[in-house]
Amino acid sequence: MTNSLEVIKNQVISCTKCELCKSRKNAVPGKGSKNAKLVFIGEAPGRSEDKLGEPFVGSAGKRLTEALEEAGLSRDSVYITNVVKCRPPNNRVPTQKERDACRDYLEQELALIKPKIICVMGNTAYGSLLDGKDITKNRGKFLEKDGRLYFITIHPAATIYNQELVSILKEDIKKLRDKLE
Ligand code: URA
Ligand code: SF4
């Protein structure tokens with residue numbers, strides 16, 4: 001049986017499967033439409049997400065929202081989630097153990113939504129889902145694996161420190177939108 005988004009959400013907010021549960025303020029379940037054709041996967045909640053319990057609501061989220069809107073996509077029409085659902089202390093990269101502990105929630109989200117395309121954003125998601133390494137070399141590409149179609153792009157936070165990446169993210173999201181049509 002596949003659980004509803006509500007059930008998955010309730011599992012996540014009460015989860016104690018890894019150490020990150022001890023330092024979080026709020027666990028951050030994925031958010032969006034269960035009918036989404038696109039699922040976006042980031043790394044882990046940051047400070048704002050931890051505070052509010054929602055994914056991509058801080059400065060990286062602002063960049064993602066802008067890129068989506070410029071491509072004519074609303075946040076409500078897609079689904080946005082992370083490799084791990086709780087904030088790692090000081091925003092460190094989640095460990096393999098933490099990613100493994102949290103993996104079932106991501107699998108449940110994907111099994112329920114069955115998106116046309118799964119967009120991995122940044123090295124953590126790329127590494128966790130596709131065993132990939134060098135995001136800058138591979139971004140902008142589609143890849144099929146185990147019957148799922150993936151798209152690889154940069155993490156929206158990268159655009160905060162490097163202005164040149166703003167247009168790269170926007171172009172990638174438009175490419176993704178075009179593939180849906
Ligand atoms: N960065 C992420 O990877 N995910 C969020 O939800 C926010 C910032
Ligand atoms: Fe559970 Fe995932 Fe949070 Fe770890 S990161 S406590 S596995 S929800």
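Start by selecting ligand 1 and the residues around it: Gly-42, Glu-43, Ala-44, Glu-49, Pro-55, Phe-56, Asn-82 and His-155. A residue is near a molecule if one of its heavy atoms lies within 4 Å of it. You are looking at a predicted model, where local features need pLDDT of at least 70, side-chain atom pairs count only at pLDDT 80 or more, and totals for chains, interfaces and linings use all residues. Residues are numbered from 1 along each chain as its sequence is written, chains are lettered from A and ligands numbered from 1 in the order in which they are written, and side-chain values use heavy atoms, with hydrogens and water left out.

Color that shell by class and you will find 3 nonpolar, 3 polar and 2 charged residues. Here Ala, Val, Leu, Ile, Met, Phe, Trp, Tyr, Cys and Pro count as nonpolar, Asp, Glu, Lys and Arg as charged, and the others, Gly among them, as polar.

Now zoom in on the polar contacts, which are pairs of N or O atoms within 3.5 Å. A polar backbone atom of Glu-43 is 2.8 Å from an oxygen atom of ligand 1, and one of Phe-56 is 2.9 Å from an oxygen atom of the ligand. At Ala-44, a backbone N or O atom lies 3.0 Å from a nitrogen atom of ligand 1. On its own, ligand 1 has 230 Å² of accessible area, and the protein covers 91% of that (Shrake-Rupley method, 1.4 Å probe).

Next, select ligand 2. Which residues surround ligand 2? They are Cys-15, Lys-17, Cys-18, Leu-20, Cys-21, Arg-24, Lys-85, Cys-86, Ala-101, Cys-102 and Tyr-105. Two elements give two or more residues to this shell, α2 (20-23) and α5 (96-113); helices are DSSP runs of H or I with at least four residues, and strands are runs of E with at least two, numbered from the N terminus. The largest share, 3 residues, comes from α5. By class, the shell holds 8 nonpolar, no polar and 3 charged residues.

Finally, show the strands. An open sheet of 6 strands runs in the order β1-β3-β2-β4-β6-β5, with mixed pairing; two strands pair if DSSP finds at least two bridges between them. At the edges are β1 (31-32) and β5, each pairing on one side only.

Select β4 (residues 117-121) and β6 (residues 148-153), which are parallel and joined by 4 bridges. Within this pair, Ile-118 has Tyr-150 as its bridge partner, and Cys-119 has Phe-151.

β5 and β6 make a hairpin with 2 residues between them, and in the turn Asp-146 has a positive phi of about 50°.

Definitions and conventions:
A polar contact is a pair of N or O atoms within 3.5 Å; within protein, one must be able to donate a hydrogen and the other to accept it, and residues adjacent in sequence count only if both atoms are side-chain atoms.
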